[in-house]
Amino acid sequence: MTDTVNDRSATRVAPLIPIEQLADTLDGRQLPGASLTLEEYESALADYALEAEADDSGHAHPLWLLILALRGMGISVNELCDLAAKRPQDTLLFGTCELNQHRPLSIGRTFTVSAKVRPVSRKTSRAGGVLDFVTIDTIVHADLDGKVVGDIVTGYIFKREA
């Protein structure tokens, strides 16, 4: 009879990034941003999916402000996870979202988006787990006149597994 030996090296967990290192990587980091055009067909599809009433105002649903912020960071969610040193066993959660719309979003217009990471923070949950908070400030400008259309603050929580 042969004894089976558990090979723990195959299941070794990557170490948790120190909060100081995470802060050095992210605090105040300017993200690439983007220039995006809000196409009529995209607005129509979103209205249909949201069951929004059709109107002929030429303005998109306010939810588009969030979509422009997410698309306009200039990096994908996967790239954000890489910057935040997300490990395979960690979980990304959408934490908070604050939308401030100053002007309507005109369909067919191009918007310029800028994004910057606020200082990161780490907390311990009641269950003893580690939670890293990454918050991104995003500003959407209308290309036509450069005025701010809206500002969005999105918070991401990285639930770190032991």
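In helix α1 (residues 19–26), the buried residues are Leu22, Ala23 and Leu26. Here "buried" stands for under 20% relative accessible area, "exposed" for over 50%, and "partly exposed" for anything in between (1.4 Å probe, protein chains only). Helices (H or I, at least four residues) and strands (E, at least two) are DSSP runs, numbered from the N terminus. Looking down the axis of α1, its buried residues fall within an arc of 100 degrees, so they line one face of the helix; the arc is taken from the directions that run from the helix axis to the C-beta atoms. Glu20 and Asp24, on the other side of α1, are exposed. The cover over the buried residues of α1 includes α4 (77–83), β3 (110–117), β5 and β6. Just after α1 comes Gly28, with a positive phi of about 75 degrees.

A word on the model itself: it is predicted, so local features need pLDDT of at least 70 and side-chain atom pairs count only at pLDDT 80 or more, while totals for chains, interfaces and linings use all residues. Residues are numbered from 1 along each chain as its sequence is written, and side-chain values use heavy atoms, with hydrogens and water left out. The score pLDDT is the predictor's confidence in each residue, from 0 to 100. The protein chain averages 90, and 93% of the residues score at least 70. Over residues 2–9, though, pLDDT stays under 50, and the model has zero contacts there beyond four places in sequence; a contact means heavy atoms within 4.5 Å. Where pLDDT is low, the predicted coordinates should not be read in detail.

Helix α3 (residues 64–72) has its own buried set: Trp64, Leu65, Leu66, Leu68, Ala69 and Gly72. These pack against β1 (30–37), α2 (40–50), β2, β3, β5 and β6. Just after α3, Gly74 also shows a positive phi, of about 90 degrees.

Val140 is buried, at 0% relative accessible area. Setting aside neighbours within four places in sequence, Val140 touches several residues, including Leu65, Leu68, Phe111 and Ile152. Thr138 is also found in β5, and at 2% relative accessibility Thr138 counts as buried. Beyond four places in sequence, the contacts of Thr138 include Ala69, Val113 and Gly150.

Next come the nonpolar cores, meaning sets of buried Ala, Val, Leu, Ile, Met, Phe, Trp, Tyr and Cys residues joined through side-chain atoms within 4.5 Å. The largest has 17 residues, and Leu26, Leu31, Met73, Val134 and Ile136 have the most contacts inside it. Two or more residues each come from α1, α4, β3, β5 and β6, with the largest share, three residues, from α1. Apart from this core lies another, of 16 residues, among them Ala46, Ala60, Leu66 and Val149.

Finally, the rings. Rings of Phe, Tyr and Trp (its six-membered ring) pair if their centres lie within 6.5 Å; planes under 30 degrees apart are stacked, over 60 edge-to-face, and the rest tilted. By this rule there is one aromatic pair. Phe94 and Tyr156 make up this edge-to-face pair, 5.7 Å centre to centre with 85 degrees between the planes. The pair links distant parts of the chain, with Phe94 in strand β2 (residues 91–101) and Tyr156 in strand β6 (residues 148–160), 62 residues apart. Phe94 is partly exposed at 46% relative accessibility, whereas Tyr156 is buried at 4%.
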